[in-house]
Amino acid sequence: MTATQNAIPPSAALNMVFSNSVQTALDAGRPVVALESTIVTHGMPWPDNLNTARKVEAIIRENGAEPATIAVLGGTLHIGLSDALMEGLANPAEHANDQPVMKLSRADLPFAISQGRTGSTTVAATMIAAAAAGIGVFATGGVGGVHRGAEMSFDVSADLQELSRTAVTVVCAGAKAILDLPKTLEVLETLGVPVIGYGTDELPAFWSHESGLSAPLRLDTAEAIARFQASRIALGLSGGMLITNPLPKASALPRETVESWIEDALRLAVKNGVEGKDVTPFLLSAMNDLSKGQSLVANRALIENNAKLAAQIAVAMHSL
Ligand code: PSU
Ligand code: MN
């Protein structure tokens with residue numbers, strides 16, 4: 001490092017606040033699972049967002065780990081939110097008179113911190129914050145990926161690059177089916193990100209089990225996933241891995257039904273000129289309307305399912 005880079009010690013520059021329960025867990029060396037907050041602010045409607053966030057945290061505790069939901073509140077990076085802070089972030093009425101809550105990725109996480117803004121963290125930003133806090137496992141719904149029509153729009157989520165850079169194991173239900181899944185898999189392969197089907201040979205497609213694509217790798221236990229990540233670290237490999245966990249059978253929606261809603265949602269996005277960061281939140285909200293709430297029910301079920309597996313992986317990593 002050069003003298004200039006050392007001028008500001010990172011610990012002094014980064015104002016990172018831990019909730020009491022996360023601080024206690026980290027101090028005691030207990031397993032911790034990171035959670036993102038974009039699902040809360042941009043991924044689900046009120047009040048389902050708050051109810052889901054609370055349920056997901058409870059599931060992680062039931063499975064022997066401590067949940068740490070990550071967000072930037074007034075420029076402070078929070079690792080773990082109290083129930084009051086979670087409710088404040090989730091309830092749109094709380095922000096009615098403020099600047100909009102930002103959707104933060106790698107490029108703008110430090111912008112929000114430096115500007116005293118409030119923002120929720122996407123998969124990419126949550127990975128960065130989790131790694132800075134010493135948390136190695138993270139549960140989400142679905143990662144971002146290559147959007148359909150990316151050959152024209154160049155819309156590829158920063159989540160994919162982050163997976164190749166930051167050593168956090170991300171548990172999801174596949175890439176969101178609104179994306180181009182074959183292209184998403186290709187980019188992950190190029191970036192050297194392991195994509196693992198948990199108990200399945202087929203890549204799950206978020207709301208559905210069937211994607212028609214093979215999962216590049218398969219593992220059947222949390223212990224095996226923990227050992228795999230340990231081998232990557234032993235090799236000195238940077239970056240994380242993506243665990244794709246099919247949602248419970250009872251909550252899975254048939255692929256053809258989902259596909260027709262997706263096509264309608266994509267048409268609505270084009271008609272409304274939706275671009276950039278707004279695309280994913282717009283499509284998720286349109287899916288909820290078009291499916292009359294069925295996509296949201298499945299989305300809740302898959303996040304809860306991922307939280308459970310992430311806690312089991314954190315426990316397994318801890319006992320290695
Ligand atoms: N999974 C969900 N709901 C969401 C997201 C994931 O079930 O809202 C969010 C994640 O935060 C992910 C983001 O990082 O969508 C991807 O956005 P984009 O395509 O703009 O990179
Ligand atoms: Mn994008």
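Modeller: Start with one contact. An N or O atom in the side chain of histidine 147 is 3.4 Å from an oxygen atom of ligand 1. Keep in mind that this is a predicted model.

Biologist: How do I judge that distance of 3.4 Å?

Modeller: Against a cut-off. A polar contact is a pair of N or O atoms within 3.5 Å. The histidine 147 pair, at 3.4 Å, can be read against that limit.

Biologist: Which side chain has an N or O atom 2.7 Å from an oxygen atom of ligand 1?

Modeller: That of serine 157. The backbone takes part too: a backbone N or O atom of valine 123 lies 2.8 Å from an oxygen atom of ligand 1.

Biologist: How much of the area that ligand 1 exposes when taken alone does the protein bury?

Modeller: 94% of it. The area exposed by ligand 1 alone is 480 Å².

Biologist: Which space does ligand 1 take?

Modeller: The largest pocket. Two elements give two or more residues to the shell around ligand 1: α4 (38–43) and α14 (279–290). The top contributor to that shell is α4, with three residues.

Biologist: How many residues surround ligand 1, and which are the closest?

Modeller: There are 18, with Glu36, Lys103, Ser157, Asp159 and Thr280 the closest. Sort the shell by class next. It has ten polar, four charged and four nonpolar residues.

Biologist: Now the empty space. What is the general idea?

Modeller: Rolling a probe the size of a water molecule over the atoms shows where empty space is left. Here the largest pocket holds about 600 Å³ of space. Its lining has 36 residues; Lys103, Thr122, Ser157, Asp159 and Thr280 are the closest to the pocket centre.

Biologist: Which elements supply at least two residues each to the lining of the largest pocket?

Modeller: α4, α10 (158–165), α14 and α15 (294–318). The lead contributor is α10, which gives five residues to this lining. By class, the lining of the largest pocket counts 15 polar, eleven nonpolar and ten charged residues.

Biologist: How many cavities of 30 Å³ or more does the structure hold?

Modeller: Three. The largest cavity has about 120 Å³ of space. Residues that line the largest cavity include Leu35, Glu36, Ile39, Val40, Thr69, Ala139 and Ile303.

Biologist: Which element gives the most to the lining of the largest cavity?

Modeller: α5 (48–62), with four residues. α4 also supplies at least two. The lining of the largest cavity has seven nonpolar, four polar and one charged residues.

Biologist: Last topic: the backbone. What should I expect before I look for exceptions?

Modeller: Most residues other than glycine have a negative phi, and most peptide bonds are trans. Now the exceptions. The bond from tryptophan 46 to proline 47 is cis, with omega near 0°.

Biologist: Where does proline 47 lie?

Modeller: In the loop between α4 and α5.

Biologist: Which residue has a positive phi although it is not a glycine?

Modeller: Phenylalanine 154, with a phi of about 60°. Phenylalanine 154 sits in the loop between α9 (150–153) and α10.

Note on methods: Residues numbered from 1 in each chain as written. Chains lettered and ligands numbered in written order. Predicted model: local features only at pLDDT ≥ 70, side-chain atom pairs only at ≥ 80, totals over all residues. Heavy atoms only, no water. Near = heavy atom within 4 Å. Polar contact = N/O pair within 3.5 Å; in protein donor to acceptor, adjacent residues only side chain to side chain. Areas by Shrake-Rupley, 256 points an atom, 1.4 Å probe, with all protein chains shown as cover. 1 Å grid on protein atoms, 1.4 Å probe; cavity = no way out; pocket = protein on both sides within 12 Å on 5 of 7 lines; lining within 4 Å. Sits in = over half its atoms within 2 Å of the grid points. Nonpolar A, V, L, I, M, F, W, Y, C, P; charged D, E, K, R; others polar. Points joined across faces, edges and corners; volume = space filled by probe spheres on them.
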